[in-house]
Amino acid sequence: MRLVFAGTPEVAVPALDALIASDRHEVVAVVTRPDAPAGRGRRLVASPVAERAAEAGIEVLKPAKPRDEDFLARLREIAPDCCPVVAYGALLPKVALDIPAHGWVNLHFSLLPAWRGAAPVQHAVLAGDEVTGASTFLIEEGLDSGPVFGVVTEEVRATDTSGDLLTRLALAGAGLLAATMDGIEDGTLTPVPQPADGITLAPKLEVEDAKVDWTAPALRVDRVVRGCAPAPGAWTVFRGERLKLMTVGSVTDRTDLAPGELAVTKKAVYAGTGSHAVELQWVQPQGKKPMRGADWARGVRIGAGERLGE
């Protein structure tokens with residue numbers, strides 16, 4: 001099939017690579033978000049998908065909105081058979097959805113209908129899911145509600161951050177998306193409607209969602225830290241300034257600390273929660289680089305009874 005691939009961030013690149021490598025399909029163009037400011041200089045930078053497509057000599061389309069007439073006209077000229085999508089980042093209007101003969105097929109990083117929305121991996125970690133996965137489905141106008149072509153499953157490990165899990169799902173999902181294109185092309189795949197039960201939503205995590213509640217149990221604190229890594233990044237407040245929490249470790253034998261209360265030893269720094277303490281393994285003070293929690297604690301000279309939180 002002639003494919004137009006839509007995607008933007010680094011997590012979409014493995015799927016693009018898998019389709020470029022396919023001997024059954026041709027990626028004739030890529031649709032991605034417009035160049036965005038990045039870095040200290042805030043200069044405009046192309047998306048990872050745009051850069052990879054340019055390296056491969058593939059036409060890159062960067063519409064400000066996918067309903068722009070110039071973009072729709074070019075898409076009609078290209079006349080793709082199917083448009084595979086991975087984390088494109090914009091809603092597709094019906095006028096665009098109707099152009100390819102086999103529609104737009106999205107690779108979504110959850111086992112639908114669980115975790116429909118922008119942040120399925122983060123919400124799976126936050127919820128403590130033991131198993132998650134990726135799904136390919138036919139895009140409709142609803143939010144991730146279209147019929148499903150196929151799935152792969154992935155175990156959520158006890159120490160997984162969202163970044164860790166997403167990296168594995170991007171690789172496994174790339175193979176699933178390529179296989180889905182094969183099945184659509186040869187007529188062996190028919191999408192199956194999603195069940196009406198088990199629908200959960202996964203909206204984008206905002207900075208405020210990543211604020212640690214020290215009255216919550218240690219298990220919840222750990223999930224927030226892992227689920228919000230690398231973005232938006234779990235955080236708390238110490239002496240009026242934000243302190244980013246990179247990793248924490250559970251300390252089940254220490255229950256003497258009040259929520260947020262800090263205790264320092266020669267090798268570690270601990271914080272109380274609603275259950276037992278956690279060790280602050282890696283932190284990032286405001287305006288500084290990440291550092292070991294014990295090194296941070298020695299530098300700020302924590303006094304008796306000092307606490308995290310407002």
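Me: In which sense do strand β1 and β2 pair, and over how many bridges?
Reply: Please note that this is a predicted model. Strand β1 (residues 2-7) and β2 pair in the parallel sense, over five bridges. Arg2, for instance, has Glu26 in β2 as its bridge partner.

Me: Is β2 enclosed or open to the outside?
Reply: Five of the six residues of strand β2 (residues 26-31) are buried, so β2 is largely enclosed by the rest of the structure.

Me: What is the strand order in the open sheet of seven strands?
Reply: The order is β5-β2-β1-β6-β7-β8-β9, and the pairing is mixed. The edge strands are β5 (59-61) and β9 (148-155), each of which pairs on one side only. On average, neighbouring strands of this sheet are turned by 20° against each other, with direction ignored.

Me: Which strands of the sheet does α2 touch?
Reply: Helix α2 packs on the sheet and touches β1, β2 and β5. The direction of α2 makes about 155° with that of β5.

Me: And in what sense do β6 and β7 pair?
Reply: Strand β6 (residues 83-86) and strand β7 (residues 104-108) pair in the parallel sense over three bridges. Cys83 has Trp104 in β7 as its bridge partner.

Me: On to helices, then. At what angle do α1 and α2 cross?
Reply: The axes of helix α1 (residues 13-21) and helix α2 (residues 48-55) cross at roughly 25° and come within 10 Å. The two helices are therefore roughly parallel to each other. Their crossing is right-handed.

Me: Which residues make that contact?
Reply: From α1 they are Val13, Leu16, Asp17 and Ile20, and from α2 they are Pro48, Val49, Arg52 and Ala53. By class, the contact of α1 with α2 has six nonpolar, no polar and two charged residues.

Me: How do α1 and α6 lie, parallel or oblique?
Reply: The axes of α1 and helix α6 (residues 162-186) come within 8 Å and cross at roughly 40°. These two helices are therefore oblique to each other. The crossing of α1 and α6 is right-handed.

Me: Who is involved on each side there?
Reply: Helix α1 contributes Pro14, Ala15, Ala18 and Leu19. Helix α6 contributes Ala170, Leu171, Ala174, Leu177, Ala178 and Met181. The contact of α1 with α6 is made up of ten nonpolar, no polar and no charged residues.

Me: What about α7: mostly covered or mostly open?
Reply: Helix α7 is mostly covered, with seven of its ten residues buried. The buried residues are Ala218, Val221, Asp222, Val224, Val225, Arg226 and Gly227. They pack against α5 (120-126), α6, β11 (241-251) and β14 (277-285).

Me: What is phi for Ala79 and for Arg301?
Reply: Most residues other than glycine have a negative phi. Ala79 is not a glycine, yet has a positive phi of about 55°. Phi of Arg301 is also positive, near 55°.

Me: Where do they sit, and are they buried or exposed?
Reply: Ala79 is found in the loop between α3 (69-78) and β6, and at 41% relative accessibility counts as partly exposed. Arg301 lies in the segment after α8 (293-300) and is exposed, with a relative accessible area of 72%.

Me: Finally, how many helices and strands does the protein have?
Reply: There are eight helices and 15 strands. Of the 310 residues of the protein, 47% count as buried. The C-alpha trace spans about 70 × 45 × 30 Å along its principal axes.

Key:
Residues are numbered from 1 along each chain as its sequence is written. This is a predicted model: local features need pLDDT of at least 70, side-chain atom pairs count only at pLDDT 80 or more; totals for chains, interfaces and linings use all residues. Side-chain values use heavy atoms; hydrogens and water are left out. Axes are lines fitted to C-alpha atoms, for helices over the stretch in contact, and angles run from 0 to 180 degrees between N-to-C directions. Helices (H or I, at least four residues) and strands (E, at least two) are DSSP runs, numbered from the N terminus. Angles under 35 degrees count as roughly parallel, over 145 as roughly antiparallel, 65 to 115 as roughly perpendicular and the rest as oblique. A crossing is left-handed if the near helix is turned anticlockwise from the far one by less than a right angle, and right-handed if clockwise. Contact means heavy atoms within 4.5 Å. Ala, Val, Leu, Ile, Met, Phe, Trp, Tyr, Cys and Pro count as nonpolar, Asp, Glu, Lys and Arg as charged, and the others, Gly among them, as polar. Buried means under 20% relative accessible area, exposed over 50%, partly exposed in between (1.4 Å probe, protein chains only). Two strands pair if DSSP finds at least two bridges between them.
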